[in-house]
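Here are some notes to read with the model open beside you. Take the points in any order you like.

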Amino acid sequence: MTLASTKDLAKKYDLFAKRSLGQNFLFDHKITDKIANSADITENDNILEIGPGPAGLTRSILNQSPKKLITIEQDQRVMPILEEIKQYYPDKLEILNADALETPIKNLFNGEKFKIIANLPYNIGTELVFRWLDDINLIDSMTILLQKEVVQRIVAKSGSKKYGRLSVMINFQCFTKTLFDIAAGSFVPAPKVTSSLVQITPREHIIADIDLKILSKLCACAFNQRRKMLRSSLKSFANDVESLLKACNIDSSLRAEQLELEDFAKLVQNYKS
């Protein structure tokens, strides 16, 4: 007995994408295989997948023979499909019917490191990445599919119009790179935007040992008024902005998008002192 195709399983259990859950399904196994291959899975790897949907990517991951795969899926309609797949991979696949936003990831693999591979729901993708940064010491890498515009913001460098809080907070702790784009027509239903696969790999050492909560506050103040000079945009961050910028040897007429990661680190360090 062989496992039915992803598309046939979705049809069998009457599974269709729900806009309210941010679902856009991938049925093309060539694309899901390409995503799984990009994560460089080995037999020693634990894998976490969020929102498997019809489980095309789930199957591509399992075909790479990881040590273990845990899927987190909120949609109860998907459970029968995952259970049917589990019959073929009883020792490797664990299924959690839960909300990823409410599921702590730190204890999923009993303290062992893991890789995240996922076609993330667009409506919660950015929030999930921010939450995972809190447990970045447990993550080997994230290979995740998001809107192309969001990925451009993640990988943006200083001086780019896309450079912002997302860029700073993620790249402060990780290396990021865009792997490839996936056209809207590859999904069911087709979204209105192109998607991109991004790989996020934790740095061995972060840019600087600083309070990341203060960094987040700094970025929010700086980029919420990104067209303003720092002397104006940082008024809500520090009482004496000019002195803070001078202590960091940063020109107060610059704008947030012109600062390097190291500049943000100096601002936090001098803010605390």
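1. A definition to begin with: buried means under 20% relative accessible area, exposed over 50%, and partly exposed in between, with a 1.4 Å probe and protein chains only. Asn110 counts as exposed because its relative accessibility is 72%. You will find Asn110 in the loop between E4 and strand E5 (114–119), and its phi is near 55 degrees, a positive value in a residue other than glycine. Helices (H or I, at least four residues) and strands (E, at least two) are DSSP runs, numbered from the N terminus.

2. A word on the source: this is a predicted model, in which local features need pLDDT of at least 70 and side-chain atom pairs count only at pLDDT 80 or more, while totals for chains, interfaces and linings use all residues. Residues are numbered from 1 along each chain as its sequence is written, and side-chain values use heavy atoms, with hydrogens and water left out.

3. Asp40 also has a positive phi, about 50 degrees, although it is not a glycine. Asp40 sits in the loop between helix H2 (29–38) and strand E2 (46–50), and at 53% relative accessibility it counts as exposed.

4. Gly185 lies between strand E7 (174–182) and strand E8 (187–188) and, at 69% relative accessibility, counts as exposed.

5. Do look at helix H4 (residues 79–86), where Met79, Ile81, Leu82, Glu84 and Ile85 are buried. Their cover includes helix H1 (6–12), helix H3 (56–62), strand E3 (68–73) and strand E4 (93–97), where contact means heavy atoms within 4.5 Å.

6. How do helix H8 (residues 212–224) and helix H11 (residues 261–272) cross? Their axes come within 10 Å and cross at roughly 115 degrees, which makes H8 roughly perpendicular to H11 (65 to 115 degrees; under 35 is roughly parallel, over 145 roughly antiparallel, the rest oblique). Axes are lines fitted to C-alpha atoms, for helices over the stretch in contact, with angles from 0 to 180 degrees between N-to-C directions. Among the residues that meet are Leu215, Leu218 and Phe223 in H8, and Phe264, Leu267 and Tyr271 in H11.

7. Finally, the cysteines: the structure holds zero disulfides, a disulfide being a pair of cysteine sulfur atoms within 2.5 Å. For Cys174, the nearest cysteine sulfur is that of Cys219, 14 Å away. Cys174 is buried, at 0% relative accessibility.
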